[in-house]
Amino acid sequence: MIAHLKGRLDSTGIDHAVIDVGGVGYLVGASARTLSSIGPVGEAAMLHTEMLVSEDSIRLVGFASADERDWFRLLTGVQGVGSRVALAILSALEPTDLMRAIASGDKAMVARANGVGPKLAQRIVMELKDKVGGIVLAPGSGGGVAASAGAGADAVSALLNLGFRPAEANAAVAAAEEELGAGASLDALVRLALRKAAK
């Protein structure tokens with residue numbers, strides 16, 4: 001699993017960037033917001049990433065912040081929201097605006113994104129409203145998902161790569177963190193989260 005890429009920005013396209021890491025060019029899908037904040041071609045760049053594995057492909061999606069990556073995970077957990085639609089939503093709305101829209105039930109704001117009709121916007125708001133209720137604004141996070149840094153975020157990523165839905169992975173890791181405490185190791189978190197998810 002690849003959690004982030006740090007290297008030189010080789011090129012950008014409408015919906016992707018190529019990051020040169022030690023002579024290897026990684027093609028990374030990205031939202032318009034991430035592409036506009038990544039910096040100029042030829043300069044150093046760092047992206048948080050999510051690896052998407054399907055029967056016929058393995059793709060990387062990149063994000064300027066961990067908050068944006070966490071929202072991508074939540075969005076793709078909604079039925080009918082694939083990676084392209086999730087990126088379109090993140091292109092149209094900042095994490096803070098997205099959280100506000102979902103918390104207040106403002107489906108019209110979510111529907112501003114390309115490819116999101118009224119019905120899908122309604123489903124996104126309905127399915128994520130309960131989850132957003134449990135999201136705490138971390139200091140200086142700009143309204144992102146307060147997944148704990150380090151081991152917690154890595155544990156969620158590990159469960160996602162094992163095929164768990166984002167909501168299941170987040171809930172299981174949160175329960176494991178609550179039981180084990182702040183200083184828990186990644187190994188301990190993943191083991192306990194798997195047991196929690198299996199119940």
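Predicted model: local features only at pLDDT ≥ 70, side-chain atom pairs only at ≥ 80, totals over all residues.

What follows is a look at one glutamate, and then at the elements around the rest of the chain.

Visitor: Take glutamate 68, please: where does it lie, is it buried or exposed, and what does it touch?

Guide: Glutamate 68 sits in helix H2, which covers residues 66-76. It's a buried residue, and yet it has no salt bridge. The nearest side chain of opposite charge belongs to arginine 33, and that one is 5.6 Å away.

What glutamate 68 does have is a polar contact with threonine 34, side chain to side chain, at 2.5 Å. Threonine 34 also turns up among the residues that glutamate 68 touches, along with Ser31, Phe63, Leu90 and Pro95, once you leave out anything up to four places away in sequence.

Two of those names lead on to other elements. Take Leu90 first: it's one of the buried residues of H3, together with Ser83, Val85, Ala86, Leu87, Ala88 and Ile89. Helix H3 spans residues 83-92, and because seven of its 10 residues are buried, it is largely enclosed by the rest of the structure.

Phe63, for its part, is in the contact list of glutamate 68, and strand S5 takes in residues 58-63. S5 runs antiparallel to S4, with six bridges between them, and a hairpin of four residues links the two strands. Valine 53 has isoleucine 58 in S5 as its bridge partner. S4 (residues 44-53) also pairs with S1 (residues 4-12), again antiparallel, over five bridges; there, lysine 6 is partnered by methionine 46 of S4.

Stepping back, the protein has nine helices and five strands, in the order β-β-β-α-β-β-α-α-α-α-α-α-α-α from the N terminus. It has 199 residues, of which 40% count as buried. Of the contacts between residues at least 6 apart in sequence, 53% join residues at least 24 apart.

And how far can you trust it? The average pLDDT is 83, and 90% of the residues score at least 70. Residues 133-149 are another matter: pLDDT stays under 50 there, though the model still has 29 contacts beyond four places in sequence for that stretch.

Note on methods: Residues numbered from 1 in each chain as written. Heavy atoms only, no water. Buried < 20%, exposed > 50% of the residue type's maximum accessible area, 1.4 Å probe, protein only. Lys, Arg positive; Asp, Glu negative; His and termini not counted. Salt bridge = Lys/Arg side-chain N within 4 Å of Asp/Glu carboxyl O. Polar contact = N/O pair within 3.5 Å; in protein donor to acceptor, adjacent residues only side chain to side chain. Contact = heavy atoms within 4.5 Å. Pairing = 2+ DSSP bridges. pLDDT = per-residue confidence, 0-100.
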